[in-house]
Amino acid sequence: MDWGLSNRLSRIIKSDGRTVMLAVDHGYFQGPTFRLENPKKTIEPLLPYADAFMLTRGALRSSISPKFDTPVVLRVSGGNSIVGTLENEEIITSMKEALRLNVSAVAFSIYVGSEYEHQTLTCLAKLIDEAQDYGMPVIAVTAVGKELEKREARYLALCCRIAAELGTSIVKTYYCDDFEKVTGGCPVPIVIAGGPKLETDFDVFKLVYEALEKGAVGVDMGRNIWQHDYPIPMIKAIRAIVHENATAKEANELFNKLKKEKK
Ligand code: 5RP
């Protein structure tokens with residue numbers, strides 16, 4: 001692997017081979033999502049606890065101080081919205097802009113099986129060709145659109161493998177039953193999204209713990225962290241699972257302790 005690409009990746013996936021990425025890119029198609037209405041207020045307090053954070057250039061420039069050292073993953077696909085056709089994404093930000101913003105990776109969503117499968121896959125391949133010239137890692141997001149029932153191993157394994165074959169450095173997908181079939185068929189590191197906010201805190205910790213047990217290298221999680229009443233204890237407890245091998249039960253205990261101490 002070229003030095004630049006390897007160096008950028010090592011800023012995201014830490015020396016233990018794991019990562020806690022904070023996903024805060026939701027506004028690019030969802031608008032002012034609950035508790036991300038003011039990006040600066042939500043994101044900046046969490047940055048010291050994130051290994052990387054993922055957002056658009058607009059949110060980055062308008063809301064985040066350039067003095068933060070946390071690596072940026074720049075969302076470069078979009079052009080869609082929740083009231084339009086969700087799957088209709090293309091490249092919306094150039095590689096020149098990604099370099100200008102000094103980001104550590106770019107992220108692009110693919111919609112396998114949708115009307116826009118070919119468009120999103122060929123855009124991803126073109127993005128990777130260009131990114132290779134500059135040592136820029138590409139993260140593919142295996143988006144499911146509005147069909148949430150697609151979150152099953154056979155489908156996600158297909159999406160992740162296709163993304164890896166096209167040359168992505170990391171794949172972001174959803175956790176599902178038989179998740180080992182997804183990681184087992186994907187030769188590049190996988191991180192999981194959290195999805196909509198789960199019922200209990202323990203559900204979140206269990207999701208993260210099981211995903212790691214079944215081969216994920218970490219998370220790229222959003223709503224289950226920053227839609228929580230206690231986002232900092234939440235991300236700290238998730239870090240304990242990812243970087244300190246805590247169990248879901250231990251993470252839950254740590255979360256309750258930090259919550260009480262207001263840390
Ligand atoms: C949308 C994304 C989001 O960043 C992703 O869904 C992660 O956030 P959450 O944990 O809230 O699901 O990539 O395509």
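V171 has I190 in β9 as its bridge partner. The model is predicted; local features require pLDDT of at least 70 and side-chain atom pairs pLDDT 80 or more, while totals for chains, interfaces and linings use all residues. Residues are numbered from 1 along each chain as its sequence is written. Strands (E, at least two residues) and helices (H or I, at least four) are DSSP runs numbered from the N terminus.

Strands β8 (residues 170–173) and β9 (residues 190–192) are paired in the parallel sense over 3 bridges, pairing requiring at least two DSSP bridges.

The axes of α9 (residues 201–213) and α11 (residues 231–244) come within 10 Å and cross at roughly 20 degrees; axes are lines fitted to C-alpha atoms, for helices over the stretch in contact, and angles run from 0 to 180 degrees between N-to-C directions. The two helices α9 and α11 are therefore roughly parallel to each other (angles under 35 degrees). F205, V208, Y209 and L212 of α9 meet A237, I238, I241 and V242 of α11, contact meaning C-beta atoms, placed from the backbone, within 7 Å.

Around the ligand there are 15 residues, of which A23, A193, G194, G222 and R223 come nearest (C-beta atom, placed from the backbone, within 6 Å). At least two residues of this shell come from each of β10 (218–221) and α10 (223–226).

Notes
Angles under 35 degrees count as roughly parallel, over 145 as roughly antiparallel, 65 to 115 as roughly perpendicular and the rest as oblique. Two residues are in contact if their C-beta atoms, placed from the backbone, lie within 7 Å.
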